[in-house]
Amino acid sequence: MAYQFDFAPVLAHTDLLLQGAAATLGLTAAGAVLGIALGVLGAICRAWRIQPFSAAFGVYVEAIRNTPFLVQLFFIFFGLPALGVKLSGWEASILAMVINLGAYSTEIIRAGIEATPHGQMEAAASLALNRAQTFVYVVLRPALARVWPALVSQVIIVMLGSAVCSQIAAEELTFAANFIQSRNFRAFETFFLATALYFAMALLVRQLLMRLGQRFIVGRPR
Amino acid sequence: MSLVSISGLHKHFGTNHVLKGIDLQVEQGDVIALIGRSGSGKSTLLRTINGLESIDEGELVVDGTALHHGEGDLRALRQKVGMVFQQFNLFPHLTAGQNVMLAPTVVKKLSKKETEDIAKEMLLKVGLSDKFHAFPDQLSGGQQQRVAIARALAMRPKVMLCDEITSALDPELVNEVLAVVQQLAAEGMTLIMVTHEMRFARDVGNKLIFMHHGRIHESGDPRIILADPQTPELANFTRAVM
């Protein structure tokens, strides 16, 4: 009667699991780089009220933060073809992740920018820096440093959320796990391993990003 | 032509009339101390001189550059005016050397070699040539303020504004900063400083301006007017602070 655990049929597909994990990491990397870049752009427009972009980003942020990621993904993958925009599963997944992370990181980075002490702006102004120079050389790095842990957490959330990209046939880790358990019916073992992989990847990515942040954003090793 | 020429200057913060018609001529090499009670308008006057505060009425000319409302003019003005703040305002993510190099690099577009040489020269001038690679939070308050002076000097300003630059320092660190300012004065730098260091104002300054209710209430040679105030307001003030 008792269930007999057997990981062998799952481990036989280790290559698929690892490919899926690599795909998830790849999606995350692309989503994080482009998403944070979009967030920086949105944050400066919001924080310094650069119209009409500030208003546009405001609408965008609210639209994304108040709708499910899966629906955003379906809209891009199934909805946009009606407008003639046909994207592959990968393209749609990356686009959805960038748009999603872009909205959250706009708000996170905006908080970092708005926490800039007024004296920093005055010092930059007194040295004859213009607004763009002030942002790039004085405001941006300390702002990112202030919110880096929150930003890293958001990247992890998006990485874990990318599991739903399996629903549009992007062959990432969850897709691989689903495929394997449909072949061997070892759902417990398959998803146990997939879960462990997600857990390990999340820990790894968090460590990596925190180290990169310390090195390149805070600017000196701890 | 005076280096700094201010005439009929008015400034309001909402309904608060902060500067009520300031006329002031600053000559090359002047060392001017602005004193007065809190709220008298002395910091506001100082901040108008590099455009950190806009002016509502009147005219301000620094070395031939008049203050208008466009940003281009403001930036031309600011390249001639250095400013040092009470709270230092060093950029925390940059080393002392990088703080000094930033404006020459991005505003004057000088080469890395040139800006490095400037930074070394200026840090040497303030006695911190060994702190080139130190971050602000690794420096004492006095050292940070000296880096801030070096940073302002790196743009080779015609006039330096000092806004209560020793007020945030521990007492034992005040003198090292004042010594740097005194040396600048001796080298002929034009200085306008808001200060509470009366002895310093008297010993180093060649002109003292007492602000009261948004006007220049009394001004002149500090050794004379501090010893013998002509108005009861200055007499009260000196009695309170000296």
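This is a predicted model: local features need pLDDT of at least 70, side-chain atom pairs count only at pLDDT 80 or more; totals for chains, interfaces and linings use all residues.
Trainee: How do strands of a sheet pair?

Mentor: Strands in a sheet are paired by backbone hydrogen bonds, in either a parallel or an antiparallel way. Let's look at chain B, where β2-β1-β4-β5 is the order of four strands in an open sheet with antiparallel pairing.

Trainee: Which are the edge strands there?

Mentor: They are β2 (16-26) and β5 (65-66) of chain B, each of which pairs on one side only. Follow β2(B) to its partner: eight bridges join it to strand β1 (residues 4-13) of chain B, and the two run antiparallel. You can find Phe13(B) opposite Asn16(B) in β2(B).

Trainee: Good, and which strands run parallel to β3(B)?

Mentor: One is strand β8 (residues 190-194) of chain B, joined to β3(B) by four bridges; here Leu34(B) faces Val194(B). Another is strand β9 (residues 207-212) of chain B, with five bridges, and there Ala33(B) stands opposite Leu208(B).

Trainee: Why is β3(B) described as largely enclosed?

Mentor: Buried means under 20% relative accessible area. Six of the six residues of β3 (residues 31-36) of chain B are buried, so the rest of the structure largely encloses this strand. Val31(B), Ala33(B) and Ile35(B) point one way, while Ile32(B), Leu34(B) and Gly36(B) point the other way.

Trainee: And what forms the nonpolar patch on the surface?

Mentor: Look at Tyr3(A), Phe5(A), Phe188(A) and Phe192(A), which together have about 460 Å² of accessible area. Tyr3(A) lies in the segment before α1 (8-11) of chain A.

Key. Residues are numbered from 1 along each chain as its sequence is written. Chains are lettered from A and ligands numbered from 1 in the order in which they are written. Side-chain values use heavy atoms; hydrogens and water are left out. Two strands pair if DSSP finds at least two bridges between them. Patches are made of residues with over 30% relative accessible area and no salt bridge: like charges are joined within 9 Å, nonpolar side chains (Val, Leu, Ile, Met, Phe, Trp, Tyr) within 5 Å. Accessible areas come from the Shrake-Rupley method with a 1.4 Å probe; for residues, only the protein chains shown count as cover. A salt bridge is a side-chain nitrogen of Lys or Arg within 4 Å of a carboxyl oxygen of Asp or Glu. Buried means under 20% relative accessible area, exposed over 50%, partly exposed in between (1.4 Å probe, protein chains only).
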